[in-house]
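Trainee: I would like to go through this model with you, one question at a time.
Mentor: Go ahead.

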Amino acid sequence: MFIDDDRIFALLKTSRARSGVQVREILAKAREARGLAAEEVAALLDLSEPELLGELFSTARAVKERIYGKRLVLFAPLYVSNLCANECSYCAFRARNAKVKRRALTQTEIADEVRVLVEQGHKRVLLVAGESYPDEGLDYVLRAIDTVYATRVLPGEIRRLNVNIAPLGVDEFRELRARQIGTYQLFQETYHRPTYERFHLKGPKRDYDWRVTAMDRAMTAGIDDVGIGVLFGLFDWRYEILALLEHAQHLERTFGVGPHTVSVPRLEPATGSELASHPPHPIADIEFRKIVAILRLAVPYTGIIMSTRETANVRRETFAVGVSQISAGSRTNPGGYASHEKLDEAQFSLGDHRTLDEVIHDIARLGYIPSFCTACYRLGRTGRDFMDLAKPGAIRAHCDPNAMGTFLEYLADYASPATREVGERLLSELSEATQGLPGRRARRILAEVREGRRDVFV
Ligand code: SAM
Ligand code: SF4
């Protein structure tokens with residue numbers, strides 16, 4: 001088993017014994033954006049001295065800027081069904097929770113949801129479902145994927161669909177891959193086995209090993225981009241970070257490429273769950289920022305995803321230290337976009353209720369480039385090919401122009417006048433300031449989008 005508890009607990013014991021000099025040496029190494037070893041990560045976990053903490057954040061900010069520049073990729077979750085056979089103590093969709101009305105959207109209803117998202121300007125969705133499907137079984141999900149890709153509202157469409165559903169066998173993962181999914185995403189919730197068993201009381205999800213080996217099966221089936229994560233609040237976050245890194249290293253050793261993304265959900269209140277309102281290991285906002293900063297330094301080329309579980313303020317403070325993808329305008333109940341159903345039907349409560357346009361206005365004002373880019377996976381730049389381009393820094397010559405092009409599409413087709421004004425100002429500053437090949441590409445793409453072309457990328 002690749003999660004080695006003895007090693008993790010031994011590392012946690014040593015983590016407190018580091019001097020300021022040693023911590024600064026580690027931060028200096030981290031600044032080169034080549035990642036950190038587990039011992040080095042452990043040394044950062046207990047940092048609390050304000051000056052060193054400030055240095056941790058500024059190092060993470062420097063690494064984020066070097067790799068991702070000012071880009072923030074945007075997506076929306078698409079909940080298709082809340083049917084579930086499991087009893088995860090923290091989730092509103094758990095089988096025995098009578099407070100939630102059960103619903104699996106029909107294909108027509110899924111298309112309705114997609115239309116709303118496309119009309120808001122979204123290009124990337126994350127399809128989410130509980131662990132139980134209508135009679136068709138997995139075919140329900142496969143058809144849902146087809147529906148999403150087939151639903152167009154000119155001039156837009158969903159160009160990349162990622163999936164967060166229960167673990168599958170290798171053959172089923174092959175079927176998922178054949179549907180042209182982007183990332184397969186699955187959170188271990190907690191890597192700590194006794195805690196896992198305590199909070200997963202019934203159903204197939206009780207099987208820790210089946211879940212922790214899901215990415216091995218997905219990658220064996222040829223899914224190059226996988227996304228891992230922890231539900232922070234269930235157990236000691238310092239343990240979880242070290243275990244998550246062991247998971248990432250295991251994938252890298254076995255398949256030649258680590259996870260494409262890491263998600264950092266924090267436990268939020270959920271209808272019918274005592275646990276969700278009283279996390280056994282609550283994460284303070286400052287710790288949350290530490291988690292993101294440490295991950296950014298430990299796995300610099302892995303995307304970090306932050307959802308609307310977090311409030312607008314926490315999100316603003318956390319972008320800078322390493323987040324590269326965010327959801328916006330989210331609903332976490334099936335049918336939540338097309339109808340305005342009661343919020344206690346949602347999977348958990350949201351911290352950021354703003355619309356996509358409001359979020360974009362805010363981040364553009366802060367100087368971030370909202371990106372809807374989907375170029376890599378459509379050009380086959382996935383898995384190892386992506387990392388080979390990303391690690392020497394070459395990917396920025398693609399990402400920056402593509403981000404600007406997709407942002408301009410958003411401004412031209414969907415933005416409110418106020419957002420368009422802020423966005424146009426930002427784009428003109430950026431296109432002047434971007435030098436060399438990326439600058440030439442950006443100016444060409446922007447000119448083509450202004451002439452009315454869509455979906456232009458390099
Ligand atoms: N049913 C599948 C599963 O459990 O893996 C996939 C979908 S599940 C709805 C997606 C994720 O929601 C879970 O992996 C869990 O981390 C997260 N989640 C569940 N309850 C939550 C809560 N109260 N607060 C924050 N996130 C929660
Ligand atoms: Fe079901 Fe997933 Fe919620 Fe667990 S987290 S109850 S498996 S939807």
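**Ligand shells and domains**

Trainee: How many nonpolar, polar and charged residues are in the shell around ligand 2?
Mentor: This is a predicted model, where local features need pLDDT of at least 70, side-chain atom pairs count only at pLDDT 80 or more, and totals for chains, interfaces and linings use all residues. Residues are numbered from 1 along each chain as written, chains are lettered from A and ligands numbered from 1 in written order, and side-chain values use heavy atoms, without hydrogens and water. Ala, Val, Leu, Ile, Met, Phe, Trp, Tyr, Cys and Pro count as nonpolar, Asp, Glu, Lys and Arg as charged, and the others, Gly among them, as polar. On that basis the shell has four nonpolar, two polar and two charged residues.

Trainee: Which residues are around ligand 2?
Mentor: A residue is near a molecule if one of its heavy atoms lies within 4 Å of it. Around ligand 2 these are C84, N86, C88, C91, F93, R94, G130 and K205.

Trainee: Of the 21 residues around ligand 1, which come nearest?
Mentor: The shell of ligand 1 divides into eleven nonpolar, three polar and seven charged residues. Those that come nearest are E189, K205, R211, E268 and Q347.

Trainee: What is the distance from a polar side-chain atom of E189 to an oxygen atom of ligand 1?
Mentor: A polar contact is a pair of N or O atoms within 3.5 Å. The side chain of R211 has an N or O atom 2.7 Å from an oxygen atom of ligand 1, and that of R309 has one 3.0 Å from a nitrogen atom of the ligand. For E189 the distance is 2.5 Å.

Trainee: How much of ligand 1 does the protein bury?
Mentor: Accessible areas come from the Shrake-Rupley method with a 1.4 Å probe. Taken alone, ligand 1 exposes 560 Å². The buried part of that is 97%.

Trainee: How far apart are the C-alpha centres of domain 1 and domain 2?
Mentor: Domain bounds come from an automatic or database assignment, which gives domain 1 (5-65), domain 2 (71-371) and domain 3 (385-450). Between the C-alpha centres of domain 1 and domain 2 the distance is 27 Å.

Methods:
A polar contact is a pair of N or O atoms within 3.5 Å; within protein, one must be able to donate a hydrogen and the other to accept it, and residues adjacent in sequence count only if both atoms are side-chain atoms.
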